[in-house]
Every structure is written in structure tokens, then in C-alpha cells.
Amino acid sequence: MTLRADGDLRAGEHLVGHDEVVMGTVFSFDVALGRGGARGELHVALRHACALLHRLDALLSLWKPESAMSRYRSGALESLPCELTEVFERCAQAKAATDGWFDAEAMPGGMDPTGLVKGWAGQRALDILVGAGFPDAMVNAAGDVATSGGPGGPGRWRIGIQHPGSRAHLLGVAAVDGAIATSGCYERGPHLYDPFERRLTSRFASATVTGPDLTLADALATALAVAGPTGFSFVERLAGYEAVAMAADGTTRQSSGWRFAPVDV
Amino acid sequence: MLSVSVTASGSKITAVTIASLDDGGNFRSQSIDQQSIPILEQEAMQAQSANIQGVSGASYTSAGFQQSLQGALQSLGL
């Protein structure tokens, strides 16, 4: 599904899109052309965005022994590429913002920024589209979504939040201004790691965070899923960020400023 | 695991059907399924007719994408 020179775009009634297989998953792009440039220009911008994703994957993947990140972990890397420096800085910011609940350095096997890399990459891919003159765009990084503008006309992008107990259901809809990220173990099994107890665990079945930047939203969602109800204290402290989470018994909890979008519009 | 079928008319999802349910063993306890599904089946239907452009959820793999709601939305060109 790599974007080819001769096209390979999804074309809906209002939106043009593309799905790119990268980082072991699928990144989905959707762009409303109304306020933006022409279709040919979009194709060029998408190729740039996808090239960035593959470059970041080659640098940061822990599944590729030759990546800079893998070599850093094994002590074989002599100088840090600027992308690693930036990711490490974002990890340090996320650790501080979450009172230590997001801690890339405490992960088993050493430094592991996986909990925010997809969000960071998705935000950077969106920034390429917006910078290329497409202000109404959305990048879905395997369930973590960076948005700009809306799907055409007034109104924001409307994003459904997957229900953790049923693939067929949503736990609600959010009209997103910026980013929305969700963390949970219902897709890939237990992988969330508690940096204090140093074991795999999570205290919410699903944790969703909205805010201006997908990198931090992604890390906050991961930290909130691990921390459980106590994690709402760091969400409340961050201006512009809101959260909703569902526990294993199906009960939900929201931050003070969280708003679901009306479902019937 | 859940087995899900999505029915579409034109570009709208008209039905989401759950074919089977059991206790997945992780977070998906029997009680969450039993409590939430009868309530949420209706909400999910409304959500689809309310025209969402994407789905946020726990990270799927490239294989999992095909079974995800995000994948279903895109196969319909929504």
C-alpha cells in the first residue's frame, strides 16, 4: 500500500485519502480539498509525509536490529541522529508531565520511546500536509489521530472512540480540535508497563486524551491507562488536555472539561 | 474474540452485527460485554449514521487494521 507515483488514493465524496503500511501498522490520511490545493499537489505532499514515516521507522524501530534506536540500546551507536535527540526530549517532557507514569527509560530492555513514537510521527506527517497548503487534514496513526481544520465546511473532525469491550461499538464521539489518542490492551494484549511497580499492568481498559499535540496526547493516554484514576490529576493540570477513560467494569470517568460530541447531528 | 460484520448502503453503514462473543481473558471480562453491549449497540448505530470520519482506539497492527472500525470506515470510502 505504499503510495505510488501514478496514484493510489482513496477518493470519497468529500475526502481524499491514503493508507500507508509503515511502523508495523497502518497510517491513514484524510484530506478535504475545499480550502486546500489541487489533487496533484496533495499527492506530492502525501509522498513527502509517507517518506518521513518510513525514515522515522528506519531510525526508531525496536524491531529492526539495524535501526539507530536498536543500536543505541545495545551501546553500538556513536552519535545521536537529531531525530533521536528530539524523541528523547519529548520522552523527558512526557515523564515530567505525567509525574513519572510515562517513563521511556524505565522500560524493560532500556530506553523505549515506543509509547509516543507513533503519535510524534503522526503529528509530523500532519504538519507536512498543513505546511503544503492543506489545512483540512487528518492523520490516523493506528488509532492515535492528529487533525487540522475539519472535513470541509464548518465543524471539526468527528472521531469515534473505540469501545474496549466490543470491536463493533464506540464509547462515544469527540469533535476534535487538535489531537486524540487512545491507549488500551484490547488490540494487542498486555503491553502497558507500570514504571513504579516494574511490571506489565494497566488500570483502565481504555484511556483517551485530546489536546493540541498528538505526541503528548499519545504519552498521556498511555500513562493514564497505566496509572488508572489517579492519572486524572496530571491530565487536569495540563491546559488544553482532556480525557475520558473506561474501566474493566464498563464505568467511565472524564476530566472536568471533557465533552462528548452529540451523536445525532 | 468478537466476530463483526458491517453492512453498508451506499456510503453509510446501516448495520453492525456481532456474530459471537466470549470472554477474551484480558480486559474483556464477561460482565463488561454483557452490560455494555445491549446499551451500546444502539449508540454505535447512531454514531455511524452521525458521520464520523475516523476512529481512535488502542494501536492496531497492520493485520488488525483490516478488522478495525477505522478499516471498515475506509473500505466504504467514508
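Two residues are taken to be in contact if their C-beta atoms, placed from the backbone, lie within 7 Å. In chain B, 28% of the contacts with a separation of 6 or more join residues 24 or more positions apart. The model is predicted, so local features need pLDDT of at least 70 and side-chain atom pairs count only at pLDDT 80 or more, while totals for chains, interfaces and linings use all residues. Residues are numbered from 1 along each chain as its sequence is written, and chains are lettered from A in the order in which they are written.

Chain B holds three helices and three strands, which follow the pattern β-β-α-β-α-α along the sequence. Helices (H or I, at least four residues) and strands (E, at least two) are DSSP runs, numbered from the N terminus. Of the 78 residues in chain B, 36% are buried, meaning that 20 or more other C-beta atoms lie within 10 Å of their own.

An open sheet with mixed pairing is formed by three strands in the order β7(A)-β6(A)-β3(B). Because β7 (170-176) of chain A and β3 (54-56) of chain B each have a single partner strand, they stand at the edges, with one side of each left without a neighbour in the sheet. Strands count as paired if DSSP finds at least two bridges between them. Strand β6 (residues 157-162) of chain A pairs with β7(A) in the antiparallel sense over six bridges, and Gly160(A) stands opposite Val173(A) in β7(A).

Leu224(A) touches Phe204(A), Ala207(A), Val209(A), Gly231(A), Val235(A), Ala243(A) and Ala245(A), leaving aside residues up to four places away in sequence.

Note on methods
A residue is buried if 20 or more other C-beta atoms lie within 10 Å of its own, exposed if 12 or fewer, and partly exposed in between; C-beta atoms are placed from the backbone.
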